[in-house]
Amino acid sequence: MEYDTLVIGAGAAGMMCAAHAGGRVLLIDHAKAPGEKIRISGGGRCNFTNLYCDAHAFIGQNPHFAKSALARYTQWNFIDLIDRHGISWHEKTLGQLFCDTSAKDIIAMLRGLLQQAGAELQLQTSVTKLAKRDGGFVATLHDGQNIKARHIVMATGGKSIPKMGATGFAYDIARQFGHRVTETEPALVPFTFPDRRFADISGVACPARVTANGTSFDEAMLFTHRGLSGPAILQASSYWHAGQDITVHLAPETDLTTILRDKRQTDGKKALTTELARHLPARLVDHLSTQMDMSGRLGDMSDARIKALTHDLQNWLLTPGGTEGYRTAEVTRGGIDTDQISSKTMESQTTPGLFFIGEALDVTGWLGGYNFQWAWSSAMAAARAIES
């Protein structure tokens, strides 16, 4: 069978691209249903974009690569799209936008767009071989069928959440056609500690400023049986490398030094731990009191001791043993090197007609809708190039 475009991978990027590429389009995926990562994202409500999305929120070896696609199909374009399809939404924090009802609304919209465009969707189908032929490509499917297409769009994502079928297939195809793949690692992922040092305070959450490799995030941090999680930790994980420390600044919006000094004057008989428990979770204070000197009353504390304690609370150095890995990682850091990919079209500069979009590329966004916006933007960059 012959098509103008074969899109491999029916996730966010693949569905978006197939719906807008024009001509005869076949979209295939090895899963039983399209858009599975959309379905589970955002607690089932899909954090589909971010009001503040631009290239500053993306990392990769080429920090400028994402600029073109993000500028030509923005968060406002996608918001307009879902508004036109009657999908209601709301903003949570930090510009994060979620569906009011269900992530399935986004999937239904994309399926509707595919249908309107006349694109075919074939599920439980995988590609075993891809070859370049004069004027196009030949993809051999798992059942031995050959599909001929002028354009191939690789939208199979990265390695995150393998239980949903994630593989490194896009990386294999990229290498086959002469592209380099940068080192890949789990990102937006919880940290683990081999001694399970936080098991006694599992479930405790608090505001924190978490810094990894000089980049800081102020959001909630969660203590778990295995280690640390929560938005601030997930964000920091994208910048962390094995063996490195992270710095945790507890109560980042609170001037603990001034508070303790003032309280020493007005309520010197109060226990230090009692006052700290007004600004930090009590169970966390109990845990920290086994590692830091929090004994005695406020009235007995010198300026030097207050300063030393608050310094420790605001510069808590921790060395994670690792992360929970691709099993729970929301995205993959690294991927197909963008040096030989057009930032305007997502087309291979060495193999005309071959496109790579979405998470497979070495473009990793922050937590909070940024990676979905990259899926929409990169997909539209490829679709527009193909359609023209």
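Contact here means heavy atoms within 4.5 Å. With that in hand, welcome to a short tour of close-up views of this predicted model.

**View 1. Helix α1 packs against helix α5.** From α1, the residues Met15, Met16, Ala18, Ala19 and His20 reach across to α5, where they meet Ile107, Leu110, Arg111, Leu113, Leu114 and Ala117. The two helices, α1 (residues 12-20) and α5 (residues 104-117), pack at an angle of about 30°, and their axes lie 8 Å apart. Angles under 35 degrees count as roughly parallel, and α1 and α5 are therefore roughly parallel to each other. If you like to note handedness, the crossing of α1 and α5 is left-handed.

**View 2. Helix α8 has buried residues along one face.** Take a moment with α8, which spans residues 256-266. Its buried residues are Leu256, Thr257, Leu260 and Arg264. Viewed down the axis of α8, these buried residues fall within an arc of 105°, so they line one face of the helix. An α-helix has 3.6 residues a turn, so residues three or four places apart point the same way. The other side of α8 carries Gln265 and Thr266, which are exposed. And what covers the buried residues of α8? The cover includes α9 (272-276) and α11 (303-314).

**View 3. Ala251 sits in the loop between β16 and α8.** Strand β16 covers residues 246-250, and Ala251 is found in the loop between this strand and α8. Ala251 counts as buried, with 7% relative accessibility. Setting aside residues up to four places away in sequence, Ala251 touches Pro207, Leu256, His279 and Leu280. One of these, Leu256, is also among the buried residues of α8.

View 4. Look at the backbone of Gln124: its phi is near 50°, a positive value in a residue other than glycine. Is Thr125 buried or exposed? At 5% relative accessibility, Thr125 counts as buried. Leaving out its neighbours within four places in sequence, Thr125 is in contact with Ile28, Asp29, His30, Leu141 and His142.

**View 5. Ile161 has a positive phi in the loop between β10 and α6.** Here the loop runs between β10 (146-154) and α6 (169-176), and Ile161 has its place in it. The phi of Ile161 is about 55°, positive although the residue is not a glycine. Ile161 counts as buried, at 12% relative accessibility.

**View 6. Cys46 is in no disulfide.** How many disulfides does the structure hold? The number is 0. For Cys46, the nearest cysteine sulfur belongs to Cys99 and is 5.3 Å away. A disulfide needs a pair of cysteine sulfur atoms within 2.5 Å. Cys46 counts as buried, at 0% relative accessibility. Cys206 counts as buried too, at 4% relative accessibility.

Notes
Residues are numbered from 1 along each chain as its sequence is written. This is a predicted model: local features need pLDDT of at least 70, side-chain atom pairs count only at pLDDT 80 or more; totals for chains, interfaces and linings use all residues. Side-chain values use heavy atoms; hydrogens and water are left out. Buried means under 20% relative accessible area, exposed over 50%, partly exposed in between (1.4 Å probe, protein chains only). Helices (H or I, at least four residues) and strands (E, at least two) are DSSP runs, numbered from the N terminus. The arc is that of the directions from the helix axis to the C-beta atoms. Axes are lines fitted to C-alpha atoms, for helices over the stretch in contact, and angles run from 0 to 180 degrees between N-to-C directions. Angles under 35 degrees count as roughly parallel, over 145 as roughly antiparallel, 65 to 115 as roughly perpendicular and the rest as oblique. A crossing is left-handed if the near helix is turned anticlockwise from the far one by less than a right angle, and right-handed if clockwise.
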